[in-house]
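This report considers backbone geometry, sheet architecture and the ligand surroundings in the structure shown below.

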Amino acid sequence: MGEEQKGSFRTATLELLKKKEGRLTTLPFITRVADLANHLSLSKQSKSEIDRVSRVFPFRIPEFYLQLMDKGNPVCPIRMQSLPSLEELEGTGETDPLGEQRISITPSFLKKYPGRGVFLAGARCAMYCRFCNRRRLVGRQWNPKLSWEESFLQMERQADLKEIIVSGGDPFMLPACDFAYVMERLRAINRIRIVRVSTRIPVVYPEGLLEGQLKALSGMPSLWIVIHINHPREISPEFIDAVRRLKGIGANMLSQTVLLRRVNDCARILRNLFETLVSLGIKPYYLFQLDEVAGAGHFKVRIEEGIRIMRHLRENCSGLAIPHYALDITGGLGKIPLDYRYIKGRKGEEVHVESPAGVAGMYTDNGKKSECASCGICKG
Ligand code: SF4
């Protein structure tokens, strides 16, 4: 076969692959150092470091996300989140910081809290974030699809289950037909009233949001899309368009952000991010303290710094732009709020508090003791 024939054969094969996956766009992911070097100027040493780290923690960056990078800035927040760094091989951390293996009912279905469960629909993401708490699974040789049916069966058996968080990997990386199948199966479980989809696709690879996936989500009774976004630089026209399309099918929009050293550990950056999200109709939901995952310790911000940022937000922003600052306790013990203690003390009925601006205040806590009104809701 001549070079030209080989080329057209490769193009035809790629097209076939894309059609099979329900994706008619390009396959623009960088997964090799040699390809990365076509986009970024990298020294020989950087190339060898990236290569070394990616043998332990694989990397994958969509070309779209690379375009958001300030290529002349070594600490550009886009670069910091996506490019492997030697620091990943230093320090401590857990493979499974949230103890998910312990609470797995099947390989793709976990349940930690009453009433809600997490379905790990896929193992792929458009980008492998360098601080991902599921890096033991994401981008590895693990196929959650093999346990889908077992998971649906177990969901049917959980008498208290009302809400499913569809996560992974990124659920929007599933081919449209698989994505539609998952939604159909979840819809068929009558007691599931709320579906939450966690995604980073609108941020890092907006072209990956497929019409077939949106169609599969339309008409969900209570649909919440939670977008993982960490920096105002990640808000692109394409992101705004993806949000518009999701809102067009009636999705309620939330965001979650990880507090990351040298990426967004600044009150002004986060204020800008959260206020912009609110203006786009997305409620900032969580600001997470970094999970203690292996290879990400260099992103850790001190909790006192996080609290200082939250105090700035509370003093300066609308309540709509203030997320819960939370820690998911290592070992899978659950989430706790980390906010500043505005209650300073109490003397009898006097509760001494502090205002967001740091001014002392007082509340007379003399309400009568709560009593059951026998409304019957608890028996329903
Ligand atoms: S998008 Fe989420 S699941 Fe995927 S690599 Fe990033 S943090 Fe991990």
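Ser374 counts as exposed, because 8 other C-beta atoms lie within 10 Å and the limit for exposure is 12 or fewer. The residue belongs to the segment after β15 (360-364). Its phi is near 50°, a positive value although Ser374 is not a glycine. The model is predicted.

Arg262 is a further non-glycine residue with positive phi, here about 65°. It is placed in the loop between β9 (252-258) and α11 (267-279). Arg262 has 12 C-beta neighbours inside 10 Å and therefore counts as exposed.

## Open mixed sheet

Ten strands make up an open sheet with mixed pairing, ordered β3-β4-β5-β6-β7-β8-β9-β10-β11-β12. At its edges are β3 (104-106) and β12 (334-337), each of which pairs on one side only. On average, neighbouring strands of this sheet are turned by 30° against each other, direction ignored.

Within the sheet, β7 (residues 194-199) and β8 (residues 223-228) pair in the parallel sense over five bridges. Ser198 has Val226 in β8 as its bridge partner.

## Ligand surroundings and a cis peptide

The residues around the ligand are Cys125, Tyr128, Cys129, Cys132, Arg134, Val138, Gly169, Asp170, Arg200 and His228. By class, this shell comprises five nonpolar, two polar and three charged residues.

Gly169, one of the residues around the ligand, is joined to Gly168 by a cis peptide bond with omega about 25°. Gly169 lies in the loop between β6 (163-167) and α7 (176-187).

Terms used: Residues are numbered from 1 along each chain as its sequence is written. This is a predicted model: local features need pLDDT of at least 70, side-chain atom pairs count only at pLDDT 80 or more; totals for chains, interfaces and linings use all residues. A residue is near a molecule or strand if its C-beta atom, placed from the backbone, lies within 6 Å of it. Ala, Val, Leu, Ile, Met, Phe, Trp, Tyr, Cys and Pro count as nonpolar, Asp, Glu, Lys and Arg as charged, and the others, Gly among them, as polar. Two strands pair if DSSP finds at least two bridges between them. Helices (H or I, at least four residues) and strands (E, at least two) are DSSP runs, numbered from the N terminus. Axes are lines fitted to C-alpha atoms, for helices over the stretch in contact, and angles run from 0 to 180 degrees between N-to-C directions. A residue is buried if 20 or more other C-beta atoms lie within 10 Å of its own, exposed if 12 or fewer, and partly exposed in between; C-beta atoms are placed from the backbone.
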